[in-house]
Amino acid sequence: MVVSGALMGLVYALIAYGFQLTFATSKSINFGQGELVMLSAFFSLSLLNWGVPYWLMIPGGLLFGVVLGLVVERACVRLTLEQKSEGWILLTIIFGLLGFSAAENIWGRDDRPFPTPIPTEAMQFFGVSITPLEISVAVGVLAVMGVIELFKRKTLLGKAFEAVSADRDAAELMGISARHTIMLSYGLSGLVAAMAGILISPITTVGPTMATALILKAFAVAVVAGLDSGFGVVLVGIFLGALESLTSFYLGSGWREAPGLILLIMALAVRPNGVFGKASIRKV
Amino acid sequence: MLIVDNIHAGYGTSEVLQGASLEVQAGKVVALIGANGAGKTTTMRAISGMIKPAQGRVLLNGKPVQGYGAARIAKLGLAHAPEGRKVFGPLSVEDNLLLGAYNHLPMFFGFRSKAAHDLEKVYDIFPRLRDRKQQSAGTLSGGEQQMLAIGRALMANPKVILLDEPSMGLAPVIVQEVFNIIRRLKEAGTTLLLVEQFAKSALEVADYAYVMEHGRIALSGTPAELHKNERMLAAYLG
Amino acid sequence: MLKRLLFIRGAELIALAILATIPLTVSNTYVLGLLTLLAIYGILLIGLDVTVGYLGQVNLAHAAFLGLGAYAAGLSVSLLGFGMLGALAVSMAIGLILGGLLAFPALRLEGPQFALATLSFSALSTTVLNEWEGLTMGAQGLSITRPELFGFSLKAQGFYWLCLVLLVLVWLAMRNLLSSQWGRAFEALRDSPIATDAMGVGTYRHKVAGFAFGSSLGGLAGGLYAFNFQYLQPQSFTYDLMVILLLGVVLGGRKSLWGAFFGATLIVLLPNLLSNRLLFEIISGLGLLLAIFAGAQGLKNKTTQPFQAIAPVIAMGMLVVGGYMVENTENWRKAIFALMLFSVVVGLPDGVMGFTARYLTRLFRIAPPDLPPASALDEVLPAQQADSKPMLELKNLKRYFGGVKAVDGISMTVRTGHIHGLIGPNGSGKSTAVNVISGLYAPTSGDILLQGKSLPKGSLFKVARTGVSRTFQNLQLFGELSALDNVMLALKGVYRSPLPLVLLGFARAEEKRAQADALALLELVGLQHMARVHARDLTYGSQRFLEIARALACKPKLLILDEPAAGLAHPDVNVLVDIIKRIHQRGVTIILIEHHMDVVSTLCDVVTVLDGGLVIAEGTTEEVKRNPLVIKAYLGIADDTDVPDVIPAVI
């Protein structure tokens with residue numbers, strides 16, 4: 001049970017990772033990321049219903065996520081970043097609201113099952129009961145994060161990405177367009193959200209509210225780990241997931257949201273830049 | 001190679017540059033000197049597109065580039081080693097250099113081998129960087145960071161290099177070293193626009209120099225001419 | 001004066017009179033219900049505007065405070081038997097205390113992290129309300145009876161008047177707060193938190209207090225909400241409500257009491273507007289026209305970018321077209337909110353009231369009230385003893401940034417009453433040194449003593465409080481405040497009234513005194529005629545002088561001037577020298593970082609020369625100028641034979 005909780009925690013980590021991607025390049029995050037998860041899941045489900053085979057559905061769903069990410073960047077983020085304001089917080093919240101309402105009306109308010117070819121019967125490993133589906137979630141999360149990290153470290157474009165997060169002006173002087181890099185980060189962050197949606201849907205079912213609780217915990221993970229800490233999110237995600245399943249076991253399932261939120265507020269009190277985050281230097 | 005024609009630029013309401021003009025010919029080292037706040041760095045920033053000039057023209061290789069973004073101007077062959085060095089602190093020395101050549105290298109794979117030759121050339125000029133190529137740039141000393149910034153600019157194989165206060169914050173010995181490097185670049189035929197607070201050292205390496213005052217060019221000439229100029233002597237050379 | 005009363009107070013009085021008399025003429029219970037809700041939401045949104053508008057932070061916890069306040073009021077009636085006022089006091093206290101507790105950790109954060117923290121808080125409070133069934137009845141809901149007020153049981157009409165009275169009180173309290181030092185501090189900390197701290201006005205404590213105050217209004221509104229509906233459910237206070245509240249504040253216009261009121265009206269009426277097809281079409285059509293008009297005007301005046309003009313038109317267009325296509329607009333309620341909010345945030349960042357206010361101020365120019373005569377300078381800035389004892393001592397001070405040793409072991413002593421010059425080539429560590437002294441950076445190692453006592457490290461605010469004040473090389477003025485307000489904000493020792501008295505409007509005398517004192521300081525730097533001008537509209541030179549006046553308002557023992565002459569035209573440099581001389585005469589110790597050697601030699605008693613983060617020379621200007629090390633450092637020549645005998649006049 002603790003292990004399944006920890007595996008769920010990996011999904012929080014994946015979404016939190018999506019926040020880190022955009023924060024690195026633009027110091028902004030998409031507050032409507034949960035709706036991106038949900039919309040991509042719905043879209044993938046529709047692909048399946050239209051007769052698209054499962055393994056083709058995945059790239060289709062991911063592409064949809066990328067497109068949504070780019071739309072968010074264009075409509076909600078770019079202008080306010082140019083104005084050096086924090087209007088993007090409000091605008092991405094608004095985008096989430098619009099997405100939520102659209103999903104409610106297009107796909108309905110009910111939760112729907114998401115078919116999967118991966119077996120869901122529990123297996124026993126060293127006395128721990130775990131389903132192949134849960135394992136597939138873990139594998140999927142680590143694979144996506146691994147590929148993106150490899151991209152950032154091993155390709156020149158990835159290094160350019162890091163350069164923009166380190167010093168935007170200097171990166172521009174190298175001929176690296178900060179605007180394109182920010183678009184790239186939002187695209188990747190949309191891809192990550194879509195992946196999270198596809199991975200988690202078979203377990204949670206698909207519905208407009210499927211990501212509401214999920215996203216809160218992803219926020220918690222991102223802030224506790226620090227918005228610039230790379231793999232710190234994985235550790236915090238696993239920890240939080242495990243903690244949650246313990247809480248819901250001992251205090252009742254209604255309380256399962258509580259530890260993450262308390263953890264978040266406490267972590268902020270002790271280390272405002274996150275447990276794994278770096279302190280920032282104020283400049284005059 | 002680079003012509004700046006009557007540019008006006010500034011930050012917010014304050015107009016720092018009030019019609020500055022200068023010219024850098026291919027293969028020459030040109031120095032831009034002047035008091036603090038005269039507008040030297042602003043001129044550099046306006047040329048490389050970090051700020052947009054309100055008026056005037058910037059011609060790079062005959063092509064007007066004023067109003068372009070910095071990334072676009074960099075692609076056209078201008079490398080700017082900015083004031084304060086601005087190396088990418090968290091990245092390794094080698095990654096910093098590779099990013100200097102960003103415009104010439106493939107985006108995904110094989111960029112390391114393609115850049116190997118240029119990397120070696122830069123490492124030959126700055127052997128200290130070779131020793132530290134895996135170290136993250138933020139941990140370098142000020143002098144090493146300055147060399148990295150120059151090396152990064154060289155990696156672009158640019159038509160023109162803008163070098164803004166390479167001596168800033170460095171110990172005198174290191175400053176000497178930096179000027180020796182500039183001399184070597186000059187011998188290799190690099191086109192260079194150099195902003196420098198140490199007027200005397202700058203004049204020793206430059207082919208031609210401009211003196212800035214209050215956002216305008218007050219004087220210009222070859223170092224020999226400037227050495228004879230009364231006003232120049234009184235104000236800058238003591 | 002009369003005009004001022006007529007227009008500003010007049011509008012308020014008329015609105016109040018209309019609101020108060022409607023129940024006498026209209027006996028429709030539905031209308032009364034709406035009006036009551038309007039008053040409650042008015043209080044709620046004024047509270048939310050404190051954080052969203054004045055502090056400039058996206059606060060997502062306000063709906064939670066409404067809920068917590070509502071439950072607190074309800075439970076204090078049913079469990080503790082409190083009366084109306086007692087219960088409302090409890091709900092305010094709950095908002096204040098929980099708001100403060102949340103603000104302490106959360107306001108150490110900026111922007112997105114703050115929004116996330118408040119979002120988590122509101123999710124947490126919903127969880128608690130849902131799960132603590134023994135107290136809140138959980139999802140079943142809690143029924144409440146409306147308690148008596150001084151022994152009278154209130155009918156719907158009476159309760160409405162109570163809400164209205166409370167709204168008026170909140171309105172007045174808010175106006176008092178905003179016209180006091182607090183209002184200035186709110187404005188200032190959005191412009192430059194660094195300067196706010198450096199002037200000894202704690203950014204953090206003002207933010208926490210502001211947030212707690214706003215939350216207590218949320219709690220109060222919650223109490224009224226509970227007694228209005230007499231039935232509470234946790235799911236009424238979730239994220240959805242929060243978004244609607246944000247819609248109200250942003251659409252109405254941030255930083256405006258009228259904006260909050262307008263937003264409340266809108267929220268209350270919106271469900272009715274959406275359920276009526278014709279009304280919806282009219283409103284979306286009007287919205288589209290407004291978007292086109294505002295966008296076209298913005299483009300014509302070049303105040304907006306193309307995206308800013310076009311995006312709202314597209315969004316409102318979607319609303320109009322979508323309105324025809326869908327069958328039931330109520331199902332799309334959230335999408336409609338979203339599109340409207342999007343258009344306003346992008347196209348009208350000041351909100352509807354901000355937009356109209358700009359037109360109104362152009363129509364009616366109202367002169368600000370007269371200023372009192374300036375105080376005597378002796379009272380504002382008493383002369384200090386210049387006894388040449390050590391004022392500031394640096395002991396082997398170091399500050400590294402990664403591998404860069406910006407300051408690498410500086411020791412020096414600044415004597416009381418001296419003007420101590422700090423010079424050196426670019427990047428020699430002068431600015432870093434004063435940034436460490438003034439607390440912007442913590443030193444890597446070493447000690448700083450002020451009059452023999454250790455200075456606090458790494459806190460601008462604490463250092464400012466001990467009597468060190470500074471100006472900034474890159475100006476850090478509060479651009480949105482007038483010159484006078486810039487100085488008043490920093491004024492030390494005048495504001496003594498605690499917050500409750502300020503809210504009740506008892507701080508006016510202090511305010512007059514502060515204006516008089518600030519005027520005296522403006523006179524000292526020659527800006528007395530510019531008192532009402534916004535700092536951002538002053539000329540560059542005047543901005544520099546204003547920063548000096550502001551720094552003096554902290555009544556410093558030690559004043560640090562960081563390149564005050566940078567970028568000044570020649571006549572202004574002469575004015576600057578005069579100003580510094582005048583300050584010197586009052587016995588203030590000064591550290592002067594400067595590149596203009598003529599300024600340094602006219603003013604400084606002692607000069608310390610830095611290079612490469614180290615002290616390379618110290619002495620009088622003449623001594624220093626002849627020091628070969630100094631000449632070398634300035635000319636950057638390591639092995640020169642023909643060293644000139646003086647260093648350049650202008651470096």
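Arg72(B) lies over the face of Tyr68(B), at 3.7 Å from the ring centre; a charge counts as over a ring if NZ of Lys or CZ of Arg is within 6 Å of the ring centre and within 35 degrees of the ring normal. This is a predicted model, in which local features need pLDDT of at least 70 and side-chain atom pairs count only at pLDDT 80 or more. Residues are numbered from 1 along each chain, and side-chain values use heavy atoms.

**Charge over a ring**
- In chain C, the charged end of Arg146(C) sits over the ring of Phe159(C), 4.2 Å from its centre.

**Aromatic pairs**
- Over all chains there are 22 aromatic pairs (rings of Phe, Tyr and Trp, its six-membered ring, with centres within 6.5 Å; planes under 30 degrees apart are stacked, over 60 edge-to-face, the rest tilted).
- Phe249(A) and Tyr250(A) pair edge-to-face, at 5.0 Å centre to centre and 85 degrees between the planes.
- The ring centres of Phe114(C) and Phe211(C) are 5.9 Å apart and the planes are at 85 degrees, so this pair is edge-to-face.
- Phe114(C) is buried, at 0% relative accessible area (buried means under 20%, exposed over 50%, partly exposed in between, with a 1.4 Å probe and protein chains only).
- Phe211(C) is also buried, at 1%, whereas Phe249(A) and Tyr250(A) are exposed.
- One aromatic cluster is formed by Phe19(A), Phe31(A), Trp88(A) and Phe219(A).

Note on methods
Chains lettered and ligands numbered in written order.
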